[in-house]
Amino acid sequence: MRPVRFALLAALVALPALAAAQAPSASPTLTADDARHLLVRTGFAALPAEIAKFEGLSRAEAVKRILAGARAEAVTPPPAWTREVRDLRPPGRAASPEERRAWQRQRVEEGLELVGWWYREMIATPSPLTERMTLFWHNHFTSAFRKVRAPVLLYRQNATLRQHALGSFAKLVHAMAADPAMIVYLDSLQNRRGFPNENFARELLELFTLGEGQGYTEADIKEAARAFTGWSLERETASYRFRPFLHDGGEKTFMGRTGRFNGTDVIDIVLQQPRVADYIAEKAWREFVSEKPDPAATGRIAGRFRASGYDIKVLLGELLLAPQFWAPENRGRLVRSPVELIVGTLRQFDLPQPDDRILALLGRALGQEPFNPPNVKGWPGGTAWINANTLLVRQQLLRRLTAGEIPAAGRQTAEGEMEAEAPSMTPEERTRRQRALERRMARRLDGADLDAWYAKLDRRWQTPERVTALLVAVKPVNPPRPDSDPARFVRDLVLDPAFQLK
Amino acid sequence: MRRREFLLAGSAAAAFALRSPQALAQARAAGWRADRTLVLVELAGGNDGLNTVVPYADPAYQRLRPAIAIKREAIVQLDEKLGLHPSLAALGEAWKAGELAIVQGVGYDNPNRSHFRSIDIWDTASGSNRLLTEGWVSRVIGASRRQAERLADAVVLGGGAGPVGGAGLRAVSMPDPQRFLRQAEGMKAADAHPANPALAHLLKVQHEIQDTARELRGVLARAPDVRGEFPPGPLGQQLRVAARLIAAKAVVPVVKVALGGFDTHANQPGPHANLLRQLGDGLAAFRKAVTGAGRWGDVLVMTYSEFGRRAAQNGSNGTDHGTAAPHFVLGARAKGGLHGPAPDLADLANGDVRHAIDYRRLYATAAQTWWGFARTGAFDGHAPLPILKA
């Protein structure tokens, strides 16, 4: 027996070396770990059944499959009010204080419902990449509830972002310039002939297409603002409207060209700048590959993206097939955003979705409220997600989610602990809310029954090594003891700092 | 120093006390006065400056605010033209002691009237057309090396992290210190120093939480509570915790507290009086408590708010978003008195008091005069104000 065993051992040792030797020439096929990496980086979590579908595919096949499955619409039906024609005007002078309050409250309720709806979609979608890209563009073409105040506009913007999420970036820019939520958010309503408001024009160049200080001047911003005058909306129907009498039809000089440009012309001129593709490719690299873009690689990818006429699928395909995406030294080196952590954990352990208020409060406590980015630059992301406060809340959330179901006796609705959101949050409210969140999490947030979860796992994941490889991207900082019971083992993994990474 | 040592010798927590003067001395040797605490008081919502420091003798004041002007006889007179809102009477003692500096006409060019944008501007010390993401304090002290025995770079007791936000600073938000300790206890220690930068960052933050928790336990043990009548309400509570930390000789360069509700668009007089009472009574109690602990000389209090309010009242007995406003700087080292020109109601800009002093000069005062940093580029060339004693 002895020699046989030895031979087997030798073969086992030789195998990885062989695979490594072959890697440069043959297209490598995906191992379970590779599949996990691809799924987590392009979605929220990797479930064993999904991993099984990608294992053994070549990288090109796997990436093709993910891109081919991309959707342009949500599978979760949106709240009914999103289909109504909405009047954005607040109740008139005749309205009573109660009517005004009711109107305010309705907006707040709808806002909460909208957040809950998007979470439901992120959890249910067969195309997590679509939602990740919708979130990516939401963080690029930002608009926030605190300024826009009309949930219906934010819903429509979200639908537009999703429609173009993996479509054409050029179309997306044009759509955003005429997007009602954006028009409110960046003051296009105030941009009128003779009284230009530069807010949208500035961000179009600085944040949306070229990057701060890259190839435009203050004069270009002023001229672009003139070109966008009259891009407005009709409050009665909450829809885009061009108002010719507010538009400055005069001659403008923009990026070295002169003409009677309107906003569409300005965008077309901007999109001819080669820098645009580089800027977007670098940002997407930071989202999907690593915090430090590799200029040679992003330059090449940007070239393809440009040549494709801004096809976002081309951009993503190039990024996901870049050797750097797969490189071991880049794995587990990105921080999961709050939304990724929440959705990923719920998906991974098949947990019921918490109520909309918990999600809204959690978003605030963790530093990422969907539909409410902090400012026009969006969430800085990366390691900035983690500070002393957010890390404590992350740990608290994960402890709760791995603490098992709440016994019926402890389940009660804490009445009056949460009221509708006031127009501007005071510091006291913030404190009160943090406490309300903790109380709610303690009473209302079901945790996973980890024993049952583990028992249902496919047999091949039921070892300490494999379940570790399933749940974390890097070696745990405090590896759980292999002899602990499965539920304890899994819980320790989830509470390990490694679980925060992807 | 003597007085402090004397007090400490009598304290029950002598073991901790031995360490803290060393920590303070160590902090003093850091090249800047990390042993000095700046207490930032955020008046969230936009405080009405004209009803805080009232130009009661100006006939235009009554004319602009027929229904909400403060009655002349109720005003706490500062001089023949200006006086404090009656709710701020408790600050009279500090005023008489020459420890209350009132800086008038604080604002900035091209003011923004959105709460969110304008507080961003104040928090980050940016010009109104520039978008910065890191808090101004973080930009000033973020680069300086942290001392081992500092509780934290900043403790946020109320409101958002704002001025101390950003990656460079160890800012801890703990509305309730006990709760913070409970949460921190759940974390496992980790001594790894991974090459993975994201993991290294996570572990660094985790260490900071644990360090702060350790320091905080000591601090709470040596100053179980402070004496003094703090007013009921959130600001009073926060100032009590602040006083307790400072009395325990915690090394913490910034403590932030906040009071909200200053967005007084309608029926302003009652609520505004109530807010100012919390502010005045709270600061007076804080001054007394910190003085009693022998640390008043190490503390500077500074108020700020996203904007002032319009000079004229609106149609609902309130005031709308305005621009410039006065702010308070309080401390044993503050040069008591009025600084900057009084508001000129005959020369308004678009219905607003003109700003005379850029708000960044207050920050430059804290950074350079108070903490002793060399000139920094953080304030776009805005120089300190001569409002502190040498």
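At what angle do helix α19 and α20 of chain A pack, and how far apart are their axes? The angle is about 145 degrees and the axes lie 8 Å apart. This is a predicted model. Helix α20(A) also gives the largest share of the side of chain A that touches chain B. The points below cover helix packing in chain A, the contact between the chains, and chain B.

**Helix packing in chain A**

- Helix α19 spans residues 356–366 of chain A. Its part of the contact with α20(A) is A:L362, A:A365 and A:L366.
- Helix α20(A) answers with A:T390, A:V393, A:R394 and A:L397. By class, this contact has 5 nonpolar, 1 polar and 1 charged residues.
- A second pair is α4 (residues 59–68) and α16 (residues 312–321) of chain A. These helices pack at about 145 degrees, with axes 10 Å apart.
- The crossing of α4(A) and α16(A) is right-handed.
- From α4(A), the residues A:R59, A:A60, A:V63 and A:L67 take part. They meet A:K313, A:L316, A:G317, A:L320 and A:L321 of α16(A).
- The contact of α4(A) with α16(A) divides into 6 nonpolar, 1 polar and 2 charged residues.

**Contact between chains A and B**

- Chain A puts 33 residues into the contact, and chain B puts in 38.
- On the side of chain A, the elements giving two or more residues are α20 (388–401) and α21 (427–444). Helix α20(A) supplies 7 residues, the largest share.
- By class, the side of chain A that touches chain B holds 14 nonpolar, 13 polar and 6 charged residues.

**Overall build of chain B**

- Chain B has 11 helices and 12 strands. Its radius of gyration is 21 Å, close to the 21 Å from the globule rule for 390 residues, so chain B is as compact as a globular protein of that length.
- The C-alpha trace of chain B spans about 65 × 50 × 35 Å along its principal axes.
- Of its 390 residues, 56% count as buried.
- Take the contacts in chain B between residues at least 6 apart in sequence: 73% of them join residues at least 24 apart.

**Core of chain B**

- The largest nonpolar core has 246 residues. The residues with the most contacts inside this core are B:V155, B:A242 and B:L245.
- Leaving out residues up to four places away in sequence, B:A242 touches B:V39, B:L157, B:V255, B:V257 and B:F286.

**Loop residues in chain B**

- B:P163 sits in the loop between β6 (154–156) and β7 (171–173). It has 30 C-beta neighbours inside 10 Å; the cut-off for buried is 20 or more, so B:P163 counts as buried.
- Beyond four places in sequence, B:P163 touches B:L40, B:D123, B:G135, B:W136, B:V137 and B:K256.
- B:N317 lies in the loop between β9 (299–304) and β10 (325–330). Its phi is positive, about 55 degrees, although B:N317 is not a glycine. With 17 other C-beta atoms within 10 Å, B:N317 is partly exposed.
- B:N350 lies in the loop between β11 (337–339) and β12 (357–358). Its phi is near 60 degrees, a positive value in a residue other than glycine. B:N350 has 10 other C-beta atoms within 10 Å; 12 or fewer means exposed, so B:N350 is exposed.

Conventions. Residues numbered from 1 in each chain as written. Chains lettered and ligands numbered in written order. Predicted model: local features only at pLDDT ≥ 70, side-chain atom pairs only at ≥ 80, totals over all residues. Contact = placed C-beta atoms within 7 Å. Helix = DSSP H or I, 4+ residues; strand = E, 2+ residues; numbered from the N terminus. Nonpolar A, V, L, I, M, F, W, Y, C, P; charged D, E, K, R; others polar. Rg over C-alpha atoms; globule rule 2.2 N^0.38 Å. Core = buried A, V, L, I, M, F, W, Y, C linked by C-beta atoms within 7 Å. Axes fitted to C-alpha atoms, helices over the stretch in contact; angles between N-to-C directions. Left-handed = near helix turned anticlockwise from the far one by under 90°.
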